[in-house]
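Trainee: Please take a close look at one part of this model, the aromatic rings, and start with the charges for background.

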Amino acid sequence: MNLQLAGLHAVVTGGSSGIGAAIVHAFAAEGCKVSFCARRQDKIDATLHGCAGLPGAVQARTVDVTHEADFKAWLEALGTFDIFIANVSALSGAWEDALQTDIRATVNATEAALPFLLQSHHGALTYIGSKAGSLAAPESTAYGAAKAAMAHYMKSLSVRLLPTVRVNTVSPGDTLVPEGFWDRVRQCDPERFEAARQRNPMQRFAAAEEIARVVAFVSSPVASFVAGANWYVDGGSTSHVQF
């Protein structure tokens, strides 16, 4: 399917590794221009190398989204863009990390992106949430609470911005990426890793590319009537019915 992303410009935060890097690759593979930021230049270089030769041009800068002035300056330097992917997370169970990065920095970054999206004929904002936002998570209370709060913010933002900008959330389930959370569990606690794999109805973890393809579709002009949604890409691991 042609997602009609060629000629558009997507901005991705936290695009140098894991799901973020897969999102950058998915957009560029569709011919979309991609600008992404991250904190580590070595990981940025690796992602740029992995995207070499794809139809869409990819560029990046070392920017920490928790530094609001630096992030705004980067957006101003980009000029115009059509799609914003809010992907940064502290991936921490500490309340201060969750409040500072997952909520405060993400809200600030999103609000900074809105003036640019409002000027686009294909304005789309997609937030990368988590299934943890809808489940009891006693071992990561702060992380789950932050994801739930942001899903609520994105739903309200959708109402605020329609019909000009579509806002959606994509909530991944357990995802296995190199050097990611579940990869570290696999190495340090194989029994916990195996228990997590078995509790997933598909008997496996998601690959980052599987999440990224959904993000690219939801953010694309092909999904032009999808707005205010929270898409769970979790292999059927959440059993509740969403109302």
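Mentor: The 19 positive and 22 negative charges of the chain have mean positions 3 Å apart. Lys and Arg count as positive, Asp and Glu as negative, while His and the chain ends are left out; each charge is placed at NZ of Lys, CZ of Arg, CG of Asp or CD of Glu. The model is predicted, so local features need pLDDT of at least 70 and side-chain atom pairs 80 or more, whereas totals for chains, interfaces and linings use all residues. Numbering runs from 1 along each chain as its sequence is written, and side-chain values use heavy atoms, without hydrogens or water.

Now the rings. The structure holds 7 aromatic pairs, meaning rings of Phe, Tyr or Trp (its six-membered ring) with centres within 6.5 Å; planes under 30 degrees apart are stacked, over 60 edge-to-face, the rest tilted. One of them joins Phe 181 and Trp 182 edge-to-face, with centres 5.0 Å apart and planes at 80 degrees. Phe 193 and Phe 205, in contrast, are stacked, at 4.8 Å and 20 degrees. Phe 193 sits in helix α7 (residues 190-199) and Phe 205 in the loop between α7 and α8 (208-219), so this pair ties together parts 12 residues apart in sequence. Helices here are DSSP runs of H or I with at least four residues, numbered from the N terminus.

Ring pairs link Phe 181, Trp 182, Phe 193 and Phe 205 into a cluster. Buried means under 20% relative accessible area, exposed over 50%, partly exposed in between (1.4 Å probe, protein chains only). Trp 182 is buried at 8%, as are Phe 193 at 11% and Phe 205 at 9%. Phe 181 is partly exposed at 43%.

Conventions
Helices (H or I, at least four residues) and strands (E, at least two) are DSSP runs, numbered from the N terminus.
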